[in-house]
Amino acid sequence: MIHMKRFLVFFAAAALAVACASPEKMAKMAESVKVECQPSVLEVVAGTIDATVNVTYPKDYFNPNVVVEVTPVLVYQGGEAAMKPFKYQGEKVRNNYKVVSKDGQKVSEKIHFDYVEGMEKCHLELRGKVLAGAKSINLPTRKVADGANTTYMLVKKAGNVSPKADNYQEVISSTTEGQIKYLVNSSEVRGSELKGQSVKDFLAALDKIAQDERTTVKSTEIVAYASPEGAVDKNNKLSGNRSQSASKAWDKLTKGHDAADPTVRSVGEDWEGFQQLVSQSNLEDKDLILRVLSMYSDPAVRENEIRNMSQVFTALKGEVLPELRRARLIANVEFKNYSNEELLDLLQNNESLLDEEAFLRVASLVRQPAQKEEIYKKAINKFGSDRAKFNLAALYLNQGKDDKALAGFQELNADDPDVINAKGVAALHKEDFQSAEAAFRKAGTEDAKANLGIVLLLTGRYDEAARVLKDVGGCCNNSVLAYILSDQLDKAAETVHCKDPQVQYLKAVICARQGDAEGVKTNLEKAFKNKALKERAANDIEFAGYTF
C-alpha cells in the first residue's frame, strides 16, 4: 500500500510537470509528439510534390500560453525549399492561428512543393519553434518522409506525328482487252471481227508486254455475254455458245503471241453492261430506264417494262444492245514498279521519272532530315502535294521547329484529324496540356490516342492513361509506365515487348516493386547501356535498398 501511494504521488507530480510544461520542457518532450506523413515516400505528380502531414499533440503537452511555429522544409541535393510556416496557438493566446487544446489534438496540413531538379533524392523535415512572448525555443527537427519518386518523368513526351503515307505501288495491276462482237441471236465469229481494230489493239498490247521486262501477263480470260432481250434460257445458251466460239478464235488469234491459256466464262444476259452503257449515253429517257432497273430485279420483268416504252426500246436496239452481244478477250497484267534502290538512283540521276507517290516513297527511304526536307519541297513545287506539305511540317515539328511547323499546318485542311493531332503536339511542346488534350480527343487517330496518354501521364491521371494506351501500338514505354503508375504491375510486365534501355529500366522498377532483387539487377544491367539511366538509378527512390 505504501509503494502504491508513492507511485501515485510520483505520477501526479509528473502529470503536474507536464501540465505546467514550459517552452523549454516542450522542446525536451518533443519526441512525445507523433508525426506521420502520407505518403511516407514522396512522389512527384504533374511537376509538384503533395502530401499530408498529421501531427498529434499528446494531452498536457501544448502550453496554453505559447505559439508553435512549424516549417515544412524539403532538403535535396543542391539546396532546400521551405513552405510558409504553419502556426498553432495555445488556448489562452489571443491571435488568429489554429488553436491546439492542452487536452491533446491531431492537426493535419497539406504539404506542397514545386519540383526542381535534384529533389528526386530528398527528405521532408519539420522545423519548429515555441514562441512565448519574446522568448523563442527551437524544437528538434523531425524527418517525416523520404523521396521523391519521379518515375512518371520516364514518359516519352515528344508526341507522335506520323507522316502521311504514300500510295506507291510496288506492283501495279491492270488489264488490257479486246472484244469480239456478234450479230443478234448468233454465236458465229465473223472474219471482220477477227481483223477489227479492237482485236488488233489487244494483240499489239500483248506483244508490247512481252518486250517489257517489267510487265508480265499473269492470266487471261474470255468472258461471253448476251444482250438482255428475249427469253432468259435462250440468252444463257447463246452466251455459252459465244464463249466456245471465242475460245476457238483465241487459239488462232494468239498464235505467235505470248498469251497463256485463258479461263472461259459465260455470264448470260449482261444487265451490268446494259446499266453502264445507259448511264453513259445521251438517251432522252435514260433516268427512267435506270429507275426501272433499280425497281425490279427479275430479268423478265425488267425487259417487259422497258419494251413497254416502245420509243425507248427502239433507241436501245440501235445504240446499246448491239454493244452487249460480245465476248471479251482479257489479259490481266502486272507491272513491277521501281525498287527502293532504283528510286534512290532516279532521285539522283533522273528525277523527272518520279511522280508524286514516288517522291513521297523515296522521302521515307532517306534518313537525313535535310534530304527529306529537300524531297518534300520538290514534291510540293512539282505537284502541289498536300501530303508533302504535311510531312514537311511534321518534320519541322519533330525537329523542335514548332513555329515553322505551325505555319505549314496552317496551309492545310484544319479539319484533317492528322493536322489537329499535329497542332496538339505543338501545344504539348509548350506544356499547354489543356489545348493539347482537347486536340488529341478531337483528332481521335492512333497517334492522337498515344499523345493523349502522354498528357494524362504528365498530369497525374494514371488510371485513364492506362485505359487509353491499352490498345495503342508502337513503342511500349508509355503503356508500361501507365500500368506501373496505376499499380497494375502484372499488366505492366505483360506489356513489355521492346528492348529499349528505358523500357528495361521500367522493367527493373516493376521488379523492385515486386521485391525481385535479381530482376532489378538483370534489367538495370541492360538499361545501363544508356549512361543517363545509370546516373538516374543512383538517386532513384524506386531502388532504395537494392545494390547493383
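Leaving aside neighbours within four places in sequence, which residues is Tyr-57 in contact with?

1. Tyr-57 is in contact with Val-33, Phe-62, Val-68, Val-70, Tyr-88, Val-100, Gly-104, Gln-105 and Val-107, its neighbours within four places in sequence being left aside. Contact here means heavy atoms within 4.5 Å.

2. On the basis of the note: this is a predicted model, in which local features need pLDDT of at least 70 and side-chain atom pairs count only at pLDDT 80 or more, while totals for chains, interfaces and linings use all residues. Residues are numbered from 1 along each chain as its sequence is written, and side-chain values use heavy atoms, with hydrogens and water left out.

3. The largest nonpolar core has 118 residues, and of these Tyr-57 and Leu-124 touch the most other members. Another core lies apart from it, with 18 residues, including Leu-203, Ile-222, Ala-224 and Ala-249. A nonpolar core is a set of buried Ala, Val, Leu, Ile, Met, Phe, Trp, Tyr and Cys residues joined through side-chain atoms within 4.5 Å. Buried means under 20% relative accessible area, exposed over 50%, and partly exposed in between (1.4 Å probe, protein chains only).

4. Helix α16 spans residues 433-443, and its buried residues include Ala-436, Glu-437, Ala-439, Phe-440 and Ala-443. They lie on the same side of α16, because they cover an arc of only 165 degrees around the axis; the arc is that of the directions from the helix axis to the C-beta atoms. Gln-434 and Lys-442 are exposed on the other side of α16. The cover over the buried residues of α16 includes α15 (417-429) and α17. Helices (H or I, at least four residues) and strands (E, at least two) are DSSP runs, numbered from the N terminus.

5. The ends of α16 have two backbone points to check. Gly-444 follows α16 and has a positive phi, near 70 degrees. In the loop between α15 and α16, Glu-431 has phi near 60 degrees, a positive value in a residue other than glycine. Glu-431 counts as exposed, at 54% relative accessibility.

6. Leu-456 belongs to helix α17 (residues 446-458) and counts as buried, at 0% relative accessibility. Not counting residues up to four places away in sequence, Leu-456 touches Arg-441, Arg-461, Tyr-462, Glu-464, Ala-465 and Val-468.

7. Helices α18 (residues 462-469) and α19 (residues 477-485) pack at an angle of about 145 degrees, with axes 8 Å apart. Tyr-462, Ala-465, Ala-466 and Leu-469 of α18 make the contact with Asn-478, Ser-479, Ala-482, Tyr-483 and Leu-485 of α19. By class, this contact has 7 nonpolar, 2 polar and no charged residues. Axes are lines fitted to C-alpha atoms, for helices over the stretch in contact, and angles run from 0 to 180 degrees between N-to-C directions. Ala, Val, Leu, Ile, Met, Phe, Trp, Tyr, Cys and Pro count as nonpolar, Asp, Glu, Lys and Arg as charged, and the others, Gly among them, as polar.

8. In helix α6 (residues 271-280), the buried residues are Trp-271, Gly-273, Phe-274 and Val-278. Their arc around the axis is only 155 degrees, so they are on the same side of α6. The face turned away from that buried side carries the exposed residues Glu-272 and Gln-280.

9. The peptide bond from Gln-38 to Pro-39 is cis, with omega near 0 degrees, and Pro-39 lies in the loop between β1 (34-38) and β2 (41-45). The bond from Gly-147 to Ala-148 is also cis, with omega near 0 degrees; Ala-148 is in strand β11 (residues 142-149).
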